[in-house]
Amino acid sequence: MLHEVQNKQDQKSTNYVEPVYARKDFGSGLPKFELGEEGLNADAAYDLVHDELMLDGNARLNLATFVTTWMEPQAEKLMSESFDKNLIDKDEYPAATRIEERCINIISKLYNAPETGIGASGIGSSEAVMLAGMALKWRWKQRMEDAGKSTAKPNLILGSNVQVVWEKFCRYWEVEPRYINMAPGRYTINGEEVMKQVDENTIGVVAILGVTYTGAYEPVKEVHDALMAHKEKTGQEVPLHVDAASGGFIAPFLQPDLEWDFRLPLVKSINVSGHKYGLVYPGIGWVVWRSKEDLPDDLIFHVNYLGGDFPTFTLNFSRPANQVIAQYYNFVRLGRKGYTDVQRNSQQVAMYLSGKIAEMDDFELLSDGSDTPVFAFRSVDETALSVYDVSDRLREKGWLVPAYTMPEDVQDMSVLRIVVREGLSHDLAEALIEDLVWAVEKCKAGQQVQGKTSDANAETVGKLKC
Ligand SMILES: Cc1ncc(COP(=O)(O)O)c(C=O)c1O
């Protein structure tokens, strides 16, 4: 009898308009951590997953991430048309392969490479960094073997401000990281500090174009010139890699005269995230080398089991072609002028925001958004106004502005960081400033309440936030 009723309901639900949230699929819980015995119908599965994702933050108000959160509908259309193409399957998808090659050429020309088209795409800068780091290590090993020397102790020189991917690289590929610690007021490496660490086991030096913590550029040319002077004096050539994850799609457009790329002879490789200021949804990253000589042949594998003979230099094998296609769409759609306009706009918004924040008595800027459109600021008195509390308060208004500690030797300093991307309009920036002023007032009021309560009930005080 019960079955009959159920069957009738099933028939009814296919014949009549059914109120979505009254349908039987939502009537009972689904196992979350094991595969259910039976599936749902496609619409119900869609609604279920879609609704759960509503609990995620609003990507456009996420000022923590460098990663693109808006693309044009035409780009989205192209991406959805090419989800099903496996980029590695170069025989089946020669057009996607050609597009990837064009992108590599465009990027290496953008960076003034003497030999263009030597590069690879990956899932992000992290994969690109691994490939570049391996090339440095292999080339150093070859040099040492040729000279009959030990290859037991390679080291890499980098700032303690590097993104975690470099720590991973050093650990996974057994390279000693020689960190240059930061100092109050100096949040980048410099030529002098680099040269203190160089020896014959140095596989290379990393300089960052757009430090993750502050958005500021490291002085690539200064580091380069120190390495060049060392080369002239000793004959040892130490290659320089530029981690341009965020600045690689800013500097060529906003600071075209800044020498940071292959114009400097010791810059041997550069990585950039297409999904940051390359303006593509995640995940796409690129690595390009100065010349063939800088990418050892041993690292390139040839596969023929997909038909044809194709060289591959990636960590991942299968990957959708759609991000590469979206990158190419942006190149075609925007051109140099379009990229310049978009990035300039972001920079103007960043500098408007940092200017307003600099006017507030409570904060001090560590950077102002004039390199990449990213800046960091700290509370002038962390005991009176905690940046963590300000970050929490801003979340109540929907803004995600992260608070975090700075790297080694300045780790007792906590900062807030704002990443301005395409999509953060001037109007939204004005709203953000209003909310920041509100957050500061709330935090300070909270501090006063804390102060008052402390006499009465010390235990409550510890738990109070702003
Ligand atoms: C300087 C730097 N390098 C590398 C990375 C890693 O990039 P991806 O997220 O593209 O893997 C980041 C990410 O923020 C970064 O800021």
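Among contacts in the chain between residues at least 6 apart in sequence, 69% join residues at least 24 apart, where contact means heavy atoms within 4.5 Å. The structure is a predicted model, in which local features need pLDDT of at least 70, side-chain atom pairs count only at pLDDT 80 or more, and totals for chains, interfaces and linings use all residues. Residues are numbered from 1 along each chain as its sequence is written, and side-chain values use heavy atoms, with hydrogens and water left out.

**Overall architecture**

The secondary structure of the chain comprises 13 helices and 13 strands; helices (H or I, at least four residues) and strands (E, at least two) are DSSP runs, numbered from the N terminus. Of the 466 residues, 49% count as buried. Buried means under 20% relative accessible area, exposed over 50%, and partly exposed in between, with a 1.4 Å probe and protein chains only. The chain exposes about 23,300 Å², of which carbon and sulfur atoms supply 51%. Accessible areas come from the Shrake-Rupley method with a 1.4 Å probe; for residues, only the protein chains shown count as cover.

**Ligand site**

The ligand is surrounded by 13 residues, and the closest are Ser125, Ser126, Asp243, His275 and Lys276; a residue is near a molecule if one of its heavy atoms lies within 4 Å of it. By class, this shell has three nonpolar, eight polar and two charged residues. Here Ala, Val, Leu, Ile, Met, Phe, Trp, Tyr, Cys and Pro count as nonpolar, Asp, Glu, Lys and Arg as charged, and the others, Gly among them, as polar. The table lists three pairings between side chains and the ligand.

| Side chain | Ligand atom | Distance |
|---|---|---|
| Ser126, N or O atom | oxygen | 2.6 Å |
| Asp243, polar atom | nitrogen | 2.7 Å |
| His275, N or O atom | oxygen | 2.7 Å |

The protein covers 88% of the 390 Å² of accessible area that the ligand has on its own.

Just after helix 5, Gly148 adopts a positive phi of about 70 degrees.

Ser108 belongs to helix 4 (residues 94-110) and is buried, with a relative accessible area of 0%. Leaving aside neighbours within four places in sequence, Ser108 is in contact with Ala113, Thr116, Gly117 and Val288. In the loop between helix 4 and strand 1 (119-122) is Asn112. Asn112 is partly exposed, at a relative accessible area of 37%, and its phi is near 60 degrees, a positive value in a residue other than glycine.

The loop between strand 6 (267-273) and strand 7 (285-289) contains Gly283, which is joined to Pro282 by a cis peptide bond with omega of about 0 degrees. Leu279 lies in the loop between strand 6 and strand 7. Leu279 has a positive phi of about 70 degrees although it is not a glycine, and is buried, with a relative accessible area of 5%.

Pro402 is located in the loop between helix 11 (387-396) and strand 12 (403-405). Not counting residues up to four places away in sequence, Pro402 touches Leu63, Ala64, Ser391, Val415, Leu416 and Arg417. The C-alpha atoms of Pro402 and Val415, 13 residues apart along the chain, are separated by 8.2 Å.

Notes: A polar contact is a pair of N or O atoms within 3.5 Å; within protein, one must be able to donate a hydrogen and the other to accept it, and residues adjacent in sequence count only if both atoms are side-chain atoms.
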